[in-house]
Amino acid sequence: MHASLVARRAASSKTWTLANGAKIPQIGFGVYNLNKEQANASVAHALKTGYRHLDAAWVYKNEDAVGDAIRKSGVHRDELWLTSKLWNSFHGDNVEVGLDTSLKDLGVDYLDLYLVHWPVAFSNPNASQINSLKGQAGHPVEEAKLSENIAVTWTKLEEQVKKGKIRNIGLSNFNIRRTEEMLAADPEIKPVVNQVEVNWGVANDELLHYSEANQIFLQAHSPLGGNYNVERYLQNEVVQDIAQRNNMTPAQVYISWCLARGIIPIVKSSNPQRIEENFAALDKKLAWDDVKHLTRESQRNGIERSVEPSAYWGIGDVFEDGADQERLMSLKDTTFQVPTPHESKSQGEHFLEPRNDPNAPEIGPGGTQVRSFHSLASSSSTSRTAHPTAVQVALDGGKRAFSASARPRALAMGSVAEAAPPSAAETPEVNNSSLLASTSKAALRTPGIKWTDGEDGVARETRKINLYTVRRASAIASSNLPVAHASSSVSQRAFTSSARREAFIAPTAGAAGQPLSPIEWSKREGRVYPERKRFLFDQYKSFLDTAPLIVLLAHRNIDVPTFNQIRKEIKAAGVPAAVPGLEASGSSEGAKLTVSRTALLRPLVRAHSSNAIQSLEEHLKGPTAMLTVPRLDPNYLSRVLRVLEKHSGSKVIAQERARLGGKLKPGEAEAIQRTIEKTPVLVPLVAVAEGKTLLDVPALGAVGKLPDLATLRAQIVGLLSAPASRLAGVLSQASGADLALTLEARKRDLQKADEPSQ
């Protein structure tokens with residue numbers, strides 16, 4: 001057998017296992033934005049190359065060409081994984097209509113995976129084969145009730161699974177909030193996949209962490225940057241350097257980056273050589289240090305999406321960029337409750353998902369390195385304690401091997417050196433089998449144990465997933481915790497939300513000894529941050545406490561080189577001038593532009609003593625930056641504001657919007673809208689002067705137009721030292737002729753009084 005054929009067959013057999021036990025190929029081939037001729041030829045070559053995972057959609061308008069290529073390829077249907085997507089106009093009662101159309105065009109009787117294409121529903125009362133009905137403004141007419149309640153559509157999808165038309169169902173382009181709302185509806189069949197954009201412009205690390213915790217695989221569409229960004233992304237210096245060191249092409253670096261993070265890349269090309277090049281990435285392995293480096297470099301840039309239909313659809317922000325990070329941070333103090341594993345088809349046994357496999361590779365979904373890079377796995381622990389359950393006593397002598405509940409336990413009033421032993425009601429009969437050990441091999445063999453928690457009075461059950469995914473963390477002996485807290489047993493889950501979980505020293509309970517609410521918990525004092533966060537925390541605190549002027553800015557689509565260029569231009573604006581007569585009034589440094597981390601800045605702003613600074617909290621939404629000015633020099637501030645105006649993007653946006661009002665060729669409006677969305681924007685939101693005066697943007701501009709202090713003093717001195725007649729003239733101009741005449745008359749009376757009598 002030819003060596004290349006052997007390699008292709010080996011690569012095509014590489015799969016990952018979904019939470020319900022289904023095997024899905026690690027790489028997929030997509031057909032977005034290909035015409036029917038291109039789709040047919042590309043799919044034919046992809047199948048010949050070794051791809052066995054095809055990703056299509058009704059809205060691509062080429063599923064019949066894909067089906068024709070499949071039939072001519074000679075590849076048996078059972079060897080393929082076919083994915084299609086439910087378009088926005090087929091939500092609710094129209095689900096089966098949209099599904100049947102895709103099945104007919106593809107020429108198959110079932111789909112391996114069917115995704116809800118967007119968390120948006122369009123009106124389509126007659127179930128017509130249309131993309132959408134257009135309103136007066138030219139935007140699709142949204143079916144708001146279905147958009148807000150995707151569970152209605154999901155129930156219809158579950159019915160199609162029971163009919164055998166679909167084997168697995170999932171989501172597409174859902175962020176954390178929308179996914180959480182979907183799961184909160186407690187669907188009978190859980191989503192196993194969420195296909196979202198993942199590339200250099202959208203790392204989507206927060207969503208990856210959340211999805212891992214909820215047993216949802218991420219698929220990456222546009223992993224190379226999509227049609228609009230691919231060439232620029234492939235020329236990125238960081239990526240090219242990693243490609244050279246790892247003997248890869250830049251495209252293979254991006255694909256390997258996804259694979260190493262446990263994400264299924266959906267690649268697309270009509271070029272046969274690139275189709276083969278992308279598929280060969282399955283045989284490449286990216287060093288984990290490079291994976292971390294790529295992730296962090298990507299996150300340093302602003303979010304840059306290749307697919308963003310919000311403005312075209314006229315429905316606001318579909319992705320809610322920035323909200324995922326905030327949502328994840330809001331959940332970080334409540335560990336994720338690992339959901340019930342899906343039932344397998346064989347005798348209802350629980351399936352051990354791939355990230356719990358003791359033979360899992362170092363990288364990939366749930367691999368040891370991936371787990372360590374996730375939020376909680378590589379972080380410090382929390383100073384919480386709780387009663388160990390009976391099972392924990394049997395497993396590890398009373399130590400917290402895993403968390404039985406996601407609810408934080410409050411410390412009892414006063415410090416306790418050891419966790420209290422379980423009560424008699426908490427000690428049911430427990431199987432003392434030697435198999436009850438928290439090891440990976442034992443997890444594969446150990447059945448679940450059911451018991452009733454005496455404290456909460458709820459039924460609980462150990463599961464294989466908990467025995468392996470949850471690891472115990474060491475107590476925080478090295479931190480400045482009180483001795484009682486440092487000796488307490490501390491536990492963690494392996495998959496939680498925060499990118500670096502902090503340790504907290506107190507308080508964990510309210511005045512009445514009750515557990516703090518999530519809001520109170522997030523506002524408590526005494527955080528001990530990791531070194532990097534501690535540095536940023538102290539830096540932000542210094543800015544808020546000492547900077548004479550703080551300008552809060554919103555930014556979008558601004559990369560690191562652009563920020564560096566803005567900083568150079570601000571530096572070129574000079575430094576604030578010294579005021580004669582005031583010692584140390586000048587500054588050797590100019591204004592400083594700092595990209596801020598909202599999650600760290602918010603608690604500082606909220607807890608500040610100044611009401612003006614507290615009011616900044618309402619503006620901390622999405623990517624923000626701070627401009628700190630060392631002294632209030634209007635001339636200098638005016639120069640700095642001109643630099644910001646240069647990079648505000650307002651001129652480009654105004655020009656493009658003006659073009660929208662004219663006559664446009666087909667497709668030109670979408671191109672203009674994309675230009676507007678990708679325009680780098682840096683906009684002042686609000687400013688605080690001297691830590692106590694809140695200035696809006698017009699007021700900030702007015703301050704920049706004032707003369708400096710020396711000029712103002714000279715004007716006042718000159719005015720006061722002028723003769724009375726000149727003063728009268730000034731007052732005449734300022735306050736009216738009547739006042740001037742009054743002063744002149746008074747002057748004559750005084751002169752007559754001083755003359756000697758005749």
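Visitor: Why does N194 count as buried?
Guide: Its relative accessibility is 1%. Buried means under 20%, exposed over 50%, partly exposed in between, with a 1.4 Å probe and protein chains only. At 1%, N194 therefore counts as buried. This is a predicted model, where local features need pLDDT of at least 70, side-chain atom pairs count only at pLDDT 80 or more, and totals for chains, interfaces and linings use all residues. Residues are numbered from 1 along each chain as its sequence is written, and side-chain values use heavy atoms, with hydrogens and water left out.

Visitor: Which residues is N194 in contact with, beyond four places in sequence?
Guide: Contact means heavy atoms within 4.5 Å. The partners of N194 are L171, S172, N173, F174, T179, L207, I216, F217, L218 and Q219.

Visitor: In which strand does N194 lie?
Guide: N194 belongs to strand 8, residues 193-197. Helices (H or I, at least four residues) and strands (E, at least two) are DSSP runs, numbered from the N terminus.

Visitor: What makes strand 7 and strand 8 a pair?
Guide: Two strands pair if DSSP finds at least two bridges between them. Strands 7 and 8 have two bridges and run parallel. L171 faces N194 across this pairing. Helix 7 (residues 176-184) carries the chain from strand 7 over to strand 8, and this β-α-β crossover is right-handed.

Visitor: How is "right-handed" decided for a crossover?
Guide: Point the strands away from the viewer; a path from the first strand over the helix to the second that runs clockwise is right-handed. Strand 5, helix 4 (residues 95-106) and strand 6 also make a right-handed β-α-β unit.

Visitor: Why is strand 5 described as largely enclosed?
Guide: Six of the six residues of strand 5, residues 81-86, are buried, so the rest of the structure largely encloses this strand.

Visitor: Which strands pair with strand 5?
Guide: Strand 4 (residues 53-55) joins strand 5 in the parallel sense over three bridges, with D55 opposite T83. From strand 4 the chain crosses through helix 3 (residues 63-73) to strand 5, in a right-handed β-α-β crossover. Strand 6 pairs with strand 5 as well, parallel, over four bridges. K85 stands opposite L115 there.

Visitor: What makes strand 18 "mostly covered"?
Guide: Strand 18 spans residues 681-689, and seven of its nine residues are buried.

Visitor: How many bridges join strand 15 to strand 18?
Guide: Eight, and strand 15 (residues 549-556) runs antiparallel to strand 18. H555 sits opposite L682. On strand 19 (residues 693-695), strand 18 has three antiparallel bridges, and A689 stands opposite T693. Strands 18 and 19 form a hairpin with three residues between them. In that turn, E690 has a positive phi of about 55°.

Visitor: What makes a group of residues a nonpolar core?
Guide: Its members are buried Ala, Val, Leu, Ile, Met, Phe, Trp, Tyr and Cys residues, joined through side-chain atoms within 4.5 Å. The largest such core here has 85 residues, of which F29 and V31 touch the most other members. Helix 11 (residues 250-260) gives the most to this core, with seven residues. A second, separate core has 24 residues, including I558, L593, L637 and A689.

Visitor: Which residues does V31 contact beyond four places in sequence?
Guide: They are A39, V43, D55, A56, Y60, N62, V66 and K268.

Visitor: What are the figures for the protein as a whole?
Guide: There are 32 helices and 19 strands. Buried residues make up 49% of the 758. Of contacts between residues at least 6 apart in sequence, 75% join residues at least 24 apart.

Visitor: Where does pLDDT stay under 50?
Guide: pLDDT is the predictor's confidence in each residue, from 0 to 100. Residues 373-420 stay under 50, with 150 contacts beyond four places in sequence in the model. Residues 426-438 also stay under 50, with 22 such contacts. The protein averages 74, and 63% of the residues score at least 70.
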